[in-house]
Amino acid sequence: MMKFTKQNFILLVGGIIIYVVDIGVDFWVASKYFCQGQYCWAILILCFRGLSSLITQIFSYEWFENDWEGTDTRKLKWIFLVHLFQCGIFIRYWFALKYGCQAAFKQNSSGDASETDPPNFIQKQAIDLVTDITMLRVFKTFLETTPQLFVQIYIVMEHGTNNFCQYAAIIMSFYGISISTVDYQISLRKSLPEKDEFHVLPKLVYLFYKLLTITSWILSISLITLLSVRSSVILLLLLWICGFTWTLKQHTTFCKSEKMEYLYRIVVGIILIFTFFNIKGRKTKVCISIYYATHIVVTLGILFVYMFWKPSIIKEIHFTIVSILTVLSLVVGIIFLVVYYRNFHPTAYCRRQTCSDEVDGEAGQKDRVEIGRFENFIMQ
């Protein structure tokens, strides 16, 4: 059985601290913009924060309602009230700390015991609670952190303003994306039989693959926004429609209710604007190739547009730096992507152990550890 270790507990505590600091940085940056009279940027930052918080509270309460079905309704009413005031994530962190502390420091059970035994039950509770937090952090990353990173980079490129709070927001955004993507991958590995170890090298390769491709894409969107805000909005809308349509065609089964399932598909459509995720755990070699080929074509197209429509801008040093960073991060990111899928992806592990190639597909579902809703969440 999977174990919740002391290291997992320390990372959980660190996650809480980062979450609180991130909230503080958001309101600090927004207040700075308000004080400078830049109300549009301040409202936009707060809107991303509000949307992210609203979506995560909705899913968090839905999961509590599913998990506590048939229990005392007074507890659910209390939980609903906490989520109404946008504090549901702290309840989840409290439960995770409670069970995590017991699992990491007070349990010395053998791995052969059944899940109904108290020690292993506590282990499973701790892991399930941390997994739920991980899924909510994925939502937060792509509904708030990544869009805010785009806004901050655009402001720096468009207005040339640079102050400490902006750099602090950009650093926190990069750090938030890094932690969320790696933490998510660790949780995913724990959902596969005998693949719960995610060593340092695979972590770094996966991190650089995600971080570099996302950075390149954000810079590309920033460049097209500098040309035309309308064109940028149209591009993002088209990308969301494509992602949402693909999600619909996958017939996802993440939520119990139909309304929540459609909300989930809408959110996944937004996530797919920024990075690729496997929706149903099936083979996606063709899909991921098309996805990043599209990114390459759009990025090169944007740079060519600048060359022919805005030749004067090309001579500016900041455009040269941004262009080099955009292309370089995309190329290096795709190299890390290829290395990850060839050597460190769970499917690669299975090929070495003569397992089924369909560990990420429907045939692999029956071999997975029973992990509840996470097995229907977006994968990689």
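These legends walk through several close-up views of one predicted model.

The model is predicted, so local features need pLDDT of at least 70 and side-chain atom pairs count only at pLDDT 80 or more, while totals for chains, interfaces and linings use all residues. Residues are numbered from 1 along each chain as its sequence is written, and side-chain values use heavy atoms, with hydrogens and water left out.

**View 1**
Welcome to the overall picture. The chain holds 14 helices and 0 strands, where helices (H or I, at least four residues) and strands (E, at least two) are DSSP runs numbered from the N terminus. Of its 380 residues, 50% are buried; buried means under 20% relative accessible area, exposed means over 50%, and partly exposed lies in between (1.4 Å probe, protein chains only). Contact means heavy atoms within 4.5 Å. Among contacts between residues at least 6 apart in sequence, 73% join residues at least 24 apart.

**View 1. Helices α1 and α2 side by side.**
Here we meet helix α1 (residues 6-35) and helix α2 (residues 39-67), whose axes come within 7 Å and cross at roughly 160°. That angle makes α1 roughly antiparallel to α2. Axes are lines fitted to C-alpha atoms, for helices over the stretch in contact, and angles run from 0 to 180 degrees between N-to-C directions. Angles under 35 degrees count as roughly parallel, over 145 as roughly antiparallel, 65 to 115 as roughly perpendicular and the rest as oblique. The α1 and α2 crossing is left-handed; a crossing is left-handed if the near helix is turned anticlockwise from the far one by less than a right angle, and right-handed if clockwise. Residues making the contact include Y19, F27 and F34 of α1 and Y39, W41 and R49 of α2.

**View 2. Q86 in the loop between α3 and α4.**
Look for Q86 in the loop that joins α3 (73-84) and α4 (88-105). Q86 is not a glycine, yet has a positive phi of about 60°. With 30% relative accessibility, Q86 counts as partly exposed.

L204 lies in helix α7 and is partly exposed, at a relative accessible area of 38%. Between the C-alpha atoms of L204 and V182 there are 8.5 Å in space, and the two residues are 22 apart in sequence. T225 also sits in helix α7 (residues 200-227), and counts as buried at 7% relative accessibility. Not counting residues up to four places away in sequence, T225 touches F150, Y154 and S232.

**View 3. Helices α8 and α9 where they pack.**
Helix α8 (residues 229-250) packs with helix α9 (residues 258-274) at an angle of about 130°, their axes 8 Å apart. At that angle, α8 is oblique to α9. Their crossing is right-handed. Among the residues making the contact are L236, W240 and F244 of α8, together with Y262, I266 and I273 of α9.

H251 is in the loop between α8 and α9, and is exposed, with a relative accessible area of 57%. Although not a glycine, H251 has a positive phi of about 55°. F254 belongs to the loop between α8 and α9, but is buried, at 7% relative accessible area. The C-alpha atoms of F254 and R373 are separated by 6.4 Å, although the residues are 119 apart along the chain. E261 lies in helix α9 and is buried, with a relative accessible area of 6%. Leaving aside neighbours within four places in sequence, E261 is in contact with T252, T253, F254 and C255.
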